[in-house]
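I opened my notebook to record a few look-ups in one structure.

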Amino acid sequence: MSESIVYGSIRWDLFSEDLQEYCPNEIKYHLQAMISATKDYYSNRSSKNEQKTTSDWQWLDKHLLVSDACLERTWEMLNSGYWKDVPINYRYCYSLCSVIKAVLLEISCDSESEKTKIKDKFKDIIKVIDKGLLLGAPLQRDSSLLTQIAFKLNENYLKLDGEEQLSESIQFNEEELCMDIFDNFLPVQHYFKPSMELFYNNIFQPKVPAILKGCIEHWKALTLWKDVGYLQRIAGNRTVPIEIGSRYTDDDWTQSLITFADFLKTHITNRNNEIGYLAQHQLFNQIPELKNDFSIPDYCSFSDKEDSEEFPDINAWFGPTGTVSPLHYDPKNNLLCQVFGYKRIILYGPGDSDNLYPYETKMLCNTAKVDPYNPNYKDYPRFQHSKGSMCYLKPGDMLFIPPKWWHHVEGLTSSFSISFWWE
């Protein structure tokens with residue numbers, strides 16, 4: 001590789017300061033040795049990349065093994081308790097280890113002459129950086145480092161690949177969908193391009209759910225993201241977390257890390273008995289190129305807090321027919337925006353919380369035991385006193401879900417949604 005993408009992106013003075021502050025001594029010692037070795041390599045690197053023998057690369061093989069050991073040790077520290085309780089230092093450490101391994105893998109590309117092997121190693125580097133983004137934390141002194149590296153790597157991989165992605169539209173049959181409001185459910189009120197004043201006075205302030213139509217028709221995502229080739233080109237090589245199983249309350253529910261291209265192939269464009277769902281993932285922090293295809297709705301500028309200037313949390317929800325988010329509530333205002341596909345949503349107000357039988361466990365206290373489609377009045381007798389609303393989210397629609405409002409979401413087709421959460 002003539003270009004040092006990873007190595008050249010690192011501001012080593014800042015990187016070293018983070019390493020000194022956040023890495024345990026047992027890992028710090030090894031990372032410093034690897035940094036010294038890579039700096040020596042690049043300072044002595046021939047501009048002509050003269051041929052080297054196998055023995056010339058033994059130092060690299062040794063350091064790659066040590067980098068794997070550092071990542072495994074940090075992984076153990078990350079899994080020492082509940083994820084939210086893991087000390088942030090461990091996540092910084094994982095990011096630092098990921099960057100160093102990526103540098104070493106980048107150097108290993110110089111030992112290859114075959115284009116296919118170089119491409120495979122390039123994909124390995126992208127995977128390492130993505131795991132750093134997913135499991136680590138943005139470094140204190142250079143917070144965008146891993147994101148920038150991932151973007152440059154993907155951009156250069158596409159040049160190296162040189163193959164055009166075939167365009168294939170994600171298809172579904174709209175005519176076969178049932179759009180009826182079921183018995184015993186109320187409809188949700190619809191508004192077409194409501195003014196800011198109307199939204200605030202009639203929806204946001206009184207905290208009532210509402211379907212907002214025609215508000216995001218300018219988003220490029222509405223057309224671009226139905227193109228599988230476009231998604232593969234932008235994100236195909238990136239590693240993303242996938243939920244396996246229909247709903248997170250099922251016993252067989254699990255999670256997996258796979259490439260976005262494999263997710264598209266396995267769960268979106270082909271039939272699969274096992275449901276895979278890219279759910280509640282901050283995809284656009286990981287792959288900011290996709291942010292160019294949509295914008296934050298102006299309605300998110302209203303706040304329940306005085307002088308709040310915080311940006312909303314933006315999450316992606318992408319999956320096939322049959323994805324289910326069980327009845328649950330969120331603590332923040334939510335604008336759920338439908339990019340493509342169709343969803344059926346059932347809602348209950350905060351006043352019905354006792355009738356919905358929330359789980360007693362700390363992890364699931366915002367999730368209900370009852371299934372609104374199959375009510376079990378024997379085990380949950382108070383549920384018959386609840387009163388729910390139902391609506392359908394169509395391409396280009398937004399649904400405002402107020403804080404503490406319970407909602408059950410089902411994907412009727414392959415579907416991509418974006419949620420904006422804010423206070």
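**Entry 1: the model.** I noted before anything else that this is a predicted model.

**Entry 2: helix H10.** I looked up helix H10, which runs over residues 228-235. How many of its eight residues are buried? I found six, so I wrote the helix down as mostly covered, with buried meaning under 20% relative accessible area. The buried residues are Val228, Gly229, Tyr230, Leu231, Ile234 and Ala235.

Next I asked what the buried residues of H10 pack against. Three helices are on the list: H7 (145-161), H9 (221-224) and H11 (260-268). Strand S7 (313-319) is on it too.

I also checked the start of H10. There, aspartate 227 has a side-chain oxygen within 2.9 Å of the backbone nitrogen of glycine 229.

**Entry 3: the annotated span.** I turned to the UniProt record, an unreviewed entry, which carries the annotation "domain: JmjC" for residues 276-423. In the model, this span is 38% strand and 3% helix. Its end C-alpha atoms lie 30 Å apart.

**Entry 4: histidine 63.** I located histidine 63 in helix H4, residues 58-78. Is histidine 63 buried or exposed? Its relative accessibility is 10%, and the cut-off for buried is under 20%, so histidine 63 counts as buried.

I then listed what histidine 63 touches, leaving out residues up to four places away in sequence: Ala33, Met34, Ala37 and Leu104. Last, I took a distance to serine 325, which is 262 residues from histidine 63 along the chain. The C-alpha atoms of the two are separated by 44 Å.

Terms used:
Residues are numbered from 1 along each chain as its sequence is written. This is a predicted model: local features need pLDDT of at least 70, side-chain atom pairs count only at pLDDT 80 or more; totals for chains, interfaces and linings use all residues. Side-chain values use heavy atoms; hydrogens and water are left out. Buried means under 20% relative accessible area, exposed over 50%, partly exposed in between (1.4 Å probe, protein chains only). Helices (H or I, at least four residues) and strands (E, at least two) are DSSP runs, numbered from the N terminus. Contact means heavy atoms within 4.5 Å. A polar contact is a pair of N or O atoms within 3.5 Å; within protein, one must be able to donate a hydrogen and the other to accept it, and residues adjacent in sequence count only if both atoms are side-chain atoms. UniProt positions are given in the numbering used here, feature names are shortened, and annotations may be inferred rather than shown by experiment.
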